[in-house]
There are 2 protein chains.
Amino acid sequence: MPITGAARLFAILGDPVGVVRSPAWWNDRFAEAGLDAAFVPLDVAAADLPAAWRGLTRLRNLDGVVLTMPHKQAVVPLLDALGPLARLAGAVNTVRRRADGAWEGEMFDGEGFVAGLRAEGHEPAGMRALQVGCGGAGRAIAFALARAGVTELALSDTAPGRAGALAEAVAAAFPGCRVATALPDPAGYGLVVNATPLGLRPGDALAVEPGRLSPGQVVADVIPTPERTALLDAAAAAGCDTVTGRAMFEGQARLAAAFLGLADLGG
Amino acid sequence: MPITGAARLFAILGDPVGVVRSPAWWNDRFAEAGLDAAFVPLDVAAADLPAAWRGLTRLRNLDGVVLTMPHKQAVVPLLDALGPLARLAGAVNTVRRRADGAWEGEMFDGEGFVAGLRAEGHEPAGMRALQVGCGGAGRAIAFALARAGVTELALSDTAPGRAGALAEAVAAAFPGCRVATALPDPAGYGLVVNATPLGLRPGDALAVEPGRLSPGQVVADVIPTPERTALLDAAAAAGCDTVTGRAMFEGQARLAAAFLGLADLGG
């Protein structure tokens with residue numbers, strides 16, 4: 001499908017943006033659906049977000065924007081409206097231009113992660129979960145795991161106070177879930193989640209000690225690129241089932257497409 | 001070629017932007033050259049240009065912008081530098097981000113029109129030319145025709161004073177060319193140019209009276225879409241050679257690509 005002058009536009013804003021998978025996924029879906037639309041990466045530094053955002057909202061053929069780090073929380077005060085998941089997470093990953101012209105954000109990192117787990121055959125309801133990493137995406141994933149029915153959620157983070165603050169917020173919203181802070185020791189959990197950036201760069205430390213993993217555990221990583229992180233390789237070697245960042249990415253992308261009124265994409 | 005997260009971006013800004021041919025031409029060239037790059041249309045109203053421009057300059061992977069109506073003159077005060085053709089025309093159609101970060105504009109409407117004439121086998125040097133329409137693109141085309149060596153340039157416009165002002169400016173810059181204002185009567189000219197918007201919409205009046213055309217004249221139109229305007233059909237029926245807006249478009253696009261450092265595109 002060639003892009004014409006009448007194309008509708010979608011974009012992902014990030015820094016770094018070079019590693020994102022979104023453009024290929026969305027443009028493939030547009031081609032399959034026969035839509036005259038394009039999805040492009042926009043490389044925007046944190047300090048430039050307000051001016052860039054004001055400019056982007058003047059593009060009348062821009063219908064939606066996906067946000068990745070470091071913009072997910074910073075964009076919130078620039079928006080006109082927030083959906084319920086975004087209000088809970090205090091962050092957004094998808095923004096749409098509504099028919100009334102308002103820019104409305106919603107957060108699908110958590111629901112997309114859970115959708116990815118389920119698509120890979122792992123139902124989180126009833127599981128005991130350890131999540132390492134409680135910033136950005138981690139906040140959304142913790143709420144989504146509790147909403148999906150994990151019986152216990154252990155939260156770990158190297159930043160002082162961050163795991164505790166998230167544990168309190170999740171426990172308040174989901175009283176039926178046992179939420180606590182923990183060391184990043186995976187032994188005994190049915191589900192182990194890496195929600196840190198560890199694994200993006202070669203030579204990164206592993207988020208959990210692989211010698212403490214054992215067969216039958218599910219180890220899920222949020223890192224989109226490389227798809228097979230060192231953590232997942234070590235987990236597979238230890239006999240665990242592994243779920244890559246691609247599963248989360250595709251779960252997020254399908255939810256974002258529906259939110260943007262493109263419900264038939266990648267369904 | 002799929003667009004990746006590391007793609008370089010180029011765009012055309014206009015209102016209306018739906019009629020432009022640029023995205024298909026540029027994206028075809030990128031695909032031929034194997035470049036990870038995308039060219040997208042941006043629909044920006046005249047009043048929104050300053051805010052949109054400030055935002056676009058924050059996109060670190062945006063390397064160049066093509067401008068079409070109504071932005072060619074309005075963007076000038078927003079730029080850091082102008083090339084020589086842009087200074088003469090008081091307008092730009094292409095802007096690049098230089099290595100030093102400055103945004104520099106240049107104007108290829110006139111040179112692109114002349115390149116298109118030559119590509120179709122019509123050398124303007126030595127010809128007597130009538131040009132109808134002295135706004136935006138018309139200003140640049142008049143200077144380019146004089147620079148290319150037409151011996152006489154007759155300028156016509158319905159806006160009071162506009163043809164006269166342009167005639168004075170062109171005569172001052174090119175003393176060897178006979179420049180004057182004229183009625184839009186094509187009889188006797190070797191080259192007849194429509195540089196008005198007439199022909200963009202069905203039912204538009206013709207820029208010149210076709211009954212006054214005769215075999216052997218060259219009639220050139222700047223209208224990009226539809227490619228065959230009513231004027232060109234009438235001129236062909238009268239035995240004239242015709243040059244469509246596509247020739248001008250391709251001439252402009254090749255010059256813009258070279259200015260943007262993409263010299264191998266469409267060469």
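**Notebook: the chain B sheet and the A–B interface**

I started with the sheet in chain B of this predicted model: six strands form an open sheet in the order β9-β8-β7-β10-β11-β12, paired in parallel. I then looked for the edges and found β9 (178–181) and β12 (241–243) of chain B, each pairing on one side only. I noted an average twist of 15° from one strand to the next.

Next I checked one pairing inside the sheet. In chain B, β7 (residues 128–132) and β8 (residues 152–156) run parallel and are joined by five bridges. I followed one of these strands' residues across: B:R128 has B:E152 in β8(B) as its bridge partner.

I also looked at what packs on the sheet. Helix α7 (residues 230–237) of chain B lies across β10 (191–194), β11 (218–221) and β12 of chain B, at about 170° to β11(B).

Then I turned to the interface. Chain A and chain B each bring 30 residues to the contact. Together the two chains bury about 2,500 Å², with 60% of that on carbon and sulfur atoms. Which residues of chain B lose the most area to chain A? I found B:I3, B:R58 and B:R60, together 25% of what that side buries.

Across the interface I count six salt bridges and twelve residue pairs in polar contact.

On the side of chain B that touches chain A, α1 (22–33), β2 (37–43) and α2 (49–56) each supply at least two residues. β2(B) gives the most, with six residues.

Key. Residues numbered from 1 in each chain as written. Chains lettered and ligands numbered in written order. Predicted model: local features only at pLDDT ≥ 70, side-chain atom pairs only at ≥ 80, totals over all residues. Heavy atoms only, no water. Contact = heavy atoms within 4.5 Å. Buried area = accessible area lost by both parts, 1.4 Å probe. Salt bridge = Lys/Arg side-chain N within 4 Å of Asp/Glu carboxyl O. Polar contact = N/O pair within 3.5 Å; in protein donor to acceptor, adjacent residues only side chain to side chain. Helix = DSSP H or I, 4+ residues; strand = E, 2+ residues; numbered from the N terminus. Pairing = 2+ DSSP bridges. Axes fitted to C-alpha atoms, helices over the stretch in contact; angles between N-to-C directions.
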